[in-house]
Amino acid sequence: MNKNILIIDDDRDLRDFLEQALSAAGFQVETADRGAIGLRKLLTEDFQLVLIDINMPEISGPNICRALRKHDNTRNLPVVMITATFHSPEQVAAAKKDYGADDFLLKPFTGSDLQDLLERIFTQNEDKKEVTPKIQPLSDYTIPLQLQQLYRGKATGLLHLQRGKAKKIIYIKDGYPIFTRSNVLSECLGRMLVKEGVITQVDCDQSVERSKESGRLQGTVLIEMGLLTPQEVQTALIRQVTDKLLSTFAWRSGTYQFVPEQDFKKNVTRIKLTPAALIMQGINHHWIPKQLDDFLYPFSEDYLKQASNPQYRFQDIELSKRGAAILKGCRGGQTLDQILQQHPLARREVQKVLAALMISEMLERSAVPEQGVVDDMSGDAETEIIDEKLRHRILDDYKRIMDSDYFEALGVGRQCGPGEARKAYYRLAKEYHPDRFLGSGLSSEMSSKINEMFQYITQAYTILSDTDTCAGYLDELVNGPRKSIDINQVIEAETSYQEGRALLKVRRFKAAAKLLRRAIELSPEESEYMTYFAWALFKSNPEQLDIQNQAMEVLLASREINPSFDLTHLYLGQVYQSQTKERQAEKSFEMAVQANPDCTEALRELRLINLRREQEPQSKGIFKKFMKKKD
């Protein structure tokens, strides 16, 4: 079967050359001169390879690639980006990781270069089909090393762990652990709370019995029994899920297997810690002295310094004061052994900090000392996590950075040197590192914008920190920039969203639905837009079945994108109620409370459901009542 290839490039001459060369080689070739047209083709037609110019009008090459990786039918499509920007192998490797591209075709290139690339791509693609995940043995250091490897590769999938009869599954999304399942009975919520002295064993047994009888979550039952508040249940669930993962750091035997690209459609209580913070806590609580000694011994004579790559250097690791001081003091002038000798009374604590920093790649090792001391540019800037203020700040910064050239994005002049660019980049990289926004409750669309900003300023630094590439980029700027990102569409979507919400508040549902529909047309991956649109649509005609079904479909899609938004679950529950689907409604209200313990509307609905259930005549359980009377 002939392979179909799509070329997306706004340079007509290059597009024609590639089309002729590939057609002559026996491929079926189609072309597109705009990013949006090309993306539409890729999502609706069948191709075996796409070549994309990295700087495209409407939608850039990296954004096209990221969009492809979000869809099942294009997630594994080989993507080659065409660029004159990258030259060194290190730059290409970093760009592959950032954009999700399979390879790069570097300008200028020849017909022979194109042929080599095609052979490389299609050979790699065939190899990928044959690879199946292997079950491998666990060692003393497997868990933290695996977590960091998955974080580095921005992996999505399931990490299966087994030791004897104990089995655990860690859900990984874009490199971040988000949930843990376990068959270990002692790790269930009730038993954990009993062990901590929060509830008694009698309370636990009663809650389990009620949960089995009603089919409701144990956390919801504990709230109704008056034993815990919604906030306490939410905190306990997060701690339970996190502790299930952390306990695996004590596993020094067993097996593991990572199964990538699993489609786990789960509404789960999400772990709030970053991989680096999990590694720090796991080592701190579960590694024994021999593990620490054995792990660090081979690096005793290595000089330690803070990582040069901000992707790793500025991870959120939640260090103690001593740990933060140790990280700050690692400047490449002292060996690991010399650092330990400075803390004889706190040797074990320092060992744990150094092991976590090295595994999470926040520290680099070198066989020789650093010749010059690099200015410490880590700073102490804090990210303000305040709902709407944060949303507007991200949008403003997104517009400013993504609508700027590389010099403007870093805030430096066009005659800046590598040192000035590095200093500006480190300041921005820490402020916009994705780890800093973990647990802030941002939607996937806002998180995506933060990732785009981080990648863009990283790309800007990559170009401006090298004298030759900086000069070439400046020459391109002077002769007319090729970069064209439509930020106006982002702003228009947000404006429609805000106006639609305002109309919702005054119960003008049809007008609100119209504006919110426009918002999701412009920004279809923003779950909050979808949730409010679905609610406005439903409220515009709540008795009409097709309106109910449309609203439910949009809410389910929104829940899939961002399962942590409580209003999605709340509104979905109310739509289910309108269709007399009491059990589905109850589950949705429970998920709303899990997502936000302060969701009073969901709590009220759960109480009403429970009250109705108690008032209904019971056809079951008569024998149980009879025995109770007899006693």
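Predicted model: local features only at pLDDT ≥ 70, side-chain atom pairs only at ≥ 80, totals over all residues.
Residues are numbered from 1 along each chain as its sequence is written, and side-chain values use heavy atoms, with hydrogens and water left out.

**Exercise 1.** Work out how the rings of Tyr425 and Tyr461 are arranged.

*Solution.* Start with the rule: rings of Phe, Tyr and Trp (its six-membered ring) pair if their centres lie within 6.5 Å, and planes under 30 degrees apart count as stacked, over 60 as edge-to-face and the rest as tilted. The structure holds 17 such aromatic pairs. In the one between Tyr425 and Tyr461, the centres are 4.5 Å apart with 15 degrees between the planes, so the label is stacked. Next, find them in the chain: Tyr425 is in helix α19 (residues 418–431) and Tyr461 in helix α20 (residues 444–464), 36 residues apart. Helices here are DSSP runs (H or I, at least four residues), numbered from the N terminus. Finally, check burial, where buried means under 20% relative accessible area, exposed over 50%, and partly exposed in between (1.4 Å probe, protein chains only). Tyr425 is buried at 2%, and Tyr461 counts as buried at 18%.

**Exercise 2.** Find the ring that the charged end of Lys449 sits over.

*Solution.* The test is that NZ of Lys or CZ of Arg is within 6 Å of the ring centre and within 35 degrees of the ring normal. For Lys449, the ring is that of Tyr398, with the charged end 5.4 Å from its centre.

**Exercise 3.** Decide how many disulfides there are.

*Solution.* A disulfide is a covalent bond between the sulfur atoms of two cysteines. Here the cut-off is a pair of cysteine sulfur atoms within 2.5 Å, and the count comes to zero. Take Cys204: the nearest cysteine sulfur, that of Cys188, is 5.9 Å away. Cys204 is also buried, at 3%. Now try Cys416, where the nearest sulfur belongs to Cys470, 5.5 Å away. Cys416 counts as buried too, at 10%.

**Exercise 4.** Describe the surroundings of Gln218.

*Solution.* Second, Gln218 is buried, with 15% relative accessible area. Third, list what it touches (heavy atoms within 4.5 Å): Leu189, Gly190, Cys204, Ser207, Val208 and Ser211, not counting residues up to four places away in sequence.

Notes: Helix = DSSP H or I, 4+ residues; strand = E, 2+ residues; numbered from the N terminus.
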